[in-house]
Amino acid sequence: MEAGHKMRGRTENYTVLRNEMKMSFDAVSVNEAFARVAVAAFVTPLNPTLEEVSDIKTAVSEAVTNAIIHGYDREYTQGNQSEEREQVYLHCIIEEDVLQVEVRDTGKGIEDIDQAMEPLFTTKPEMDRSGMGFAFMEAFMDDLEVLSEPGCGTTVRMKKKLGITSWIRQEE
Amino acid sequence: MEENFKVIDNYLMVRMPEEVDHHKSVYISKTADEYIMREGVGNVVFDFEDTRFMDSSGIGIIIGRYKKISYFGGKVFAINTDMRIKRTLMICGLHKVIEIME
């Protein structure tokens, strides 16, 4: 099929080839549930399995939670009160059977990304954070990319191919 | 929400909500600690019967309570875990330090 056809949301067969969604919301913890449910609803045209929906929800929840408690760390945001309300940006793209989720904040950023991604590493043990956020995103999605610069916010980009889990997991 | 916490003998029973995330975990951790201190219970049981979703915040709750209670020789249990929850706990290796029962 030609690229031009792919840009349209649907073909004659009513299969979704490309679909895109963007939204932003306040960086408050009630919105974690909202974000993961929104992404789960967005992928329903791909007929994901319950397992896949659950994986996606967990990964989105981790990324959004990170943005809220680490990106917009209270100590960091107290300094610049003049700015508008802190927002988390969510950007999802479905292309064929691949879902890409991007979670972005404009918060304090990560100094050492490799260290942050280590399982069990956390800067907030006193808040009962387990340090498993990035490890979960890696475990539940197929691809994970983290872009960050101190003071410039963080972007987490995750990809997941849908419709292959059933036969990959059969050996279990 | 207090009815989700119950003390039976030396056990604190915590009924976990339908969705365990950062938003809910702050309250659960705080309240569980209050009960542990006030009632002086030795063991904690997390009941996942109603839980359909859990992210790493749930792991944080369990590890946090485990650290407090194991110091005095107490044990942590996770009961009524479905396949999903069980898998999440096992990814973190929690089955080595707490008792998981389906």
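Modeller: Helices (H or I, at least four residues) and strands (E, at least two) are DSSP runs, numbered from the N terminus. This is a predicted model, where local features need pLDDT of at least 70 and side-chain atom pairs count only at pLDDT 80 or more, while totals for chains, interfaces and linings use all residues. Residues are numbered from 1 along each chain as its sequence is written, with chains lettered from A and ligands numbered from 1 in the order in which they are written.

Colleague: Which residues of helix α3 of chain B are buried?

Modeller: Buried takes 20 or more other C-beta atoms (placed from the backbone) within 10 Å of a residue's own; 12 or fewer is exposed, and in between is partly exposed. In α3(B), residues 83–91, that gives B:Ile85, B:Thr88 and B:Leu89. They span an arc of only 95 degrees around the axis, going by the directions from the axis to the C-beta atoms, so they sit on the same side of α3(B).

Colleague: What do the buried residues of α3(B) pack against?

Modeller: Contact here means C-beta atoms within 7 Å. For the buried residues of α3(B), the partners in chain B are β5 (53–54), β6 (76–79) and β7 (99–101).

Colleague: Which element gives the largest share of the side of chain A that touches chain B?

Modeller: There, 18 residues of chain A are in contact with 18 of chain B. The elements of chain A giving two or more residues are α2 (30–43), α3 (50–71) and α6 (133–140). The largest share is seven residues, and it comes from α3(A).

Colleague: How do α3(A) and α6(A) run, roughly parallel or roughly antiparallel?

Modeller: Their axes are 9 Å apart, at an angle of about 150 degrees. Axes are lines fitted to C-alpha atoms over the stretch in contact, with angles from 0 to 180 degrees between N-to-C directions; under 35 is roughly parallel, over 145 roughly antiparallel, 65 to 115 roughly perpendicular and the rest oblique. That angle therefore makes the pair roughly antiparallel.

Colleague: How far apart in space are A:Met137 and A:Asp55, C-alpha to C-alpha?

Modeller: A:Met137 lies in α6(A) and is buried, with 27 other C-beta atoms within 10 Å. Leaving aside neighbours within four places in sequence, A:Met137 is in contact with A:Ala59, A:Glu62, A:Ala63, A:Leu144 and A:Met158. A:Asp55 is 82 residues away from A:Met137 in sequence, but in space the C-alpha to C-alpha distance is 8.6 Å.

Methods. Contact = placed C-beta atoms within 7 Å.
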